[in-house]
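Work through each task before consulting its solution.

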Amino acid sequence: MPILKLTTPAPNTTFTIADDTTMPPVKFRTDGSGSHTWSWTMKWGTFSVSGTATSPGNEWDASAAIADIGGTLSVTVTAAGQSATIAVLIRGTNPTEALVTNYLAEKAESAGFDKILKQESRFRHFNAQGEPIKSFDNGYGMCQLTTPVPSFKQVWSWKRNIDGGLQLFAQKRNAAIAYLGQSGRSYTPDQLRRETVCRWNGGSYHVWEGNPAAWVRNGNILCDTATGNIGWDMTDAENAGKTEAQLRARDKGSYSAPPTAAAHWKYSGVCYADHVLGS
Amino acid sequence: MRTTCWAASLLWVFSGLACAPQPSAPRPVTPPRSAAAVEGKVSSATHAGTTVLRIERGAQPVDVAVERDASVAAETPAARVDVIGWTDQAVVVVDTYPSVPGGMSLCQAGEERFLRVVALSERSARLTQSLKLESCRQSIELQAPPAWDAQRRTLDLRWLQPHPVLDRNALTIRFDTRGALLPAD
């Protein structure tokens, strides 16, 4: 009795997702005839998803079934009572900065998020092996999604990953709007952007002061411009009257770990926003 | 009222340095406390992911354990513990911690703050209310500092957006004439 054979592709062939997340054709073909049933499983790390498809003939393109995911794709095909199994690899391609910024341009309330992505991940979603970047604390992809645990698609598709990051960004934007707009106060789009980016890192950027009163950057925070978000509260007697250079010389030796209660420097969302957006 | 961390006994991890007051000033507490309520001192220590508040008022100190949540790293001590107000039978305290940062530096400069109402007797302390007061990870933010009114024995809390658990923007915590916590509205 002839044995069913998978004639295409070769085992362990690598298919590469395009930089715009488009899945290439992933076609399987046997030497059989008639109706075929294709049972597939995609696995990567702790992520796994399975499905079944049927075809009237001996060819099946898996690309639609595996859209936005990747890893090792195992396929078992059955026809006329016989079966064959094969595994292939699906890998990814990093987007260009232009692709990411164009994608974010479609998102009305994302102002500032592109700058955070550039600062934090340089728009990289995949490592040199074409697999999603994973941080030490299980942060996946360009946005380092951790909590809630990202879906398989959010891990493999940089667009779905950004969508997840934007959900978190939206919380900070809503908080910034509530803060800046309290008591009917007015604010500019740039103030909203700075307040949102500041809150992403922690704390508020603006204070309401002056005559007439207006939203202004918190003037009590002096930033170490050689860092991403380290600064000093200048109302602290230990910092008052000192320059950035003096304070950096005093404190930089302890920057490698979070500040202790005895430290007079701190992480500051104000400094983060100034660094990411330009002061 | 600022607090300090007390030195370790054989049973507690020494965290005096880690619990020293932060250089930055806490949010101001308004209004002044009643002269009728005896005040004391509150300090803290952290062990195995739990904060223990030590309240010193009266003949001997009393301790109460308070839980944090996943937004605070297990062994992180309180950055500061602020007393909001005293009644004859209770103390209201806020303990503050640095946030566990998320990906992409999310909340690396953030804080997590918990409001605690602790019922006091001569020999014991009992946590009667605990709520997340402010949070970078959960985007919970007060509109104004907690407003303690010693004459009316009330604590008014107002948030910029609805509190995600309470589902409301405002909450008033009330105490009876003996200083015991009354049921919420």
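**Exercise 1.** Determine the handedness of the crossing of H1(A) and H4(A), and state which residues meet there.

*Solution.* Step 1. The crossing of H1(A) and H4(A) is right-handed; a crossing is left-handed if the near helix is turned anticlockwise from the far one by less than a right angle, and right-handed if clockwise. The model is predicted: local features need pLDDT of at least 70, side-chain atom pairs count only at pLDDT 80 or more, and totals for chains, interfaces and linings use all residues. Side-chain values use heavy atoms, without hydrogens and water, residues are numbered from 1 along each chain as its sequence is written, and chains are lettered from A and ligands numbered from 1 in the order in which they are written.

Step 1. Two packed helices are described by the angle between their axes and the distance between the axes. The axes of H1(A) (residues 97-105) and H4(A) (residues 158-180) come within 11 Å and cross at roughly 50°. Therefore H1(A) is oblique to H4(A); angles under 35 degrees count as roughly parallel, over 145 as roughly antiparallel, 65 to 115 as roughly perpendicular and the rest as oblique.

Step 2. From H1(A), Leu99(A), Val100(A), Tyr103(A) and Leu104(A) meet residues of H4(A) that include Trp158(A), Ile162(A) and Leu166(A) (contact means heavy atoms within 4.5 Å). The residues of this contact comprise seven nonpolar, no polar and three charged.

**Exercise 2.** Decide whether Asn161(A) is buried or exposed, and find which backbone nitrogen its side chain reaches.

*Solution.* Step 1. Asn161(A) lies in helix H4 of chain A. Step 2. Because its relative accessibility is 0%, Asn161(A) counts as buried (buried means under 20% relative accessible area, exposed over 50%, partly exposed in between, with a 1.4 Å probe and protein chains only). Step 3. The Asn161(A) side chain reaches the backbone nitrogen of Cys143(A) at 2.7 Å. Step 4. Beyond its neighbours within four places in sequence, Asn161(A) has contacts that include His125(A), Tyr140(A) and Gln154(A).

How values were computed:
Axes are lines fitted to C-alpha atoms, for helices over the stretch in contact, and angles run from 0 to 180 degrees between N-to-C directions. Helices (H or I, at least four residues) and strands (E, at least two) are DSSP runs, numbered from the N terminus. Ala, Val, Leu, Ile, Met, Phe, Trp, Tyr, Cys and Pro count as nonpolar, Asp, Glu, Lys and Arg as charged, and the others, Gly among them, as polar. A polar contact is a pair of N or O atoms within 3.5 Å; within protein, one must be able to donate a hydrogen and the other to accept it, and residues adjacent in sequence count only if both atoms are side-chain atoms.
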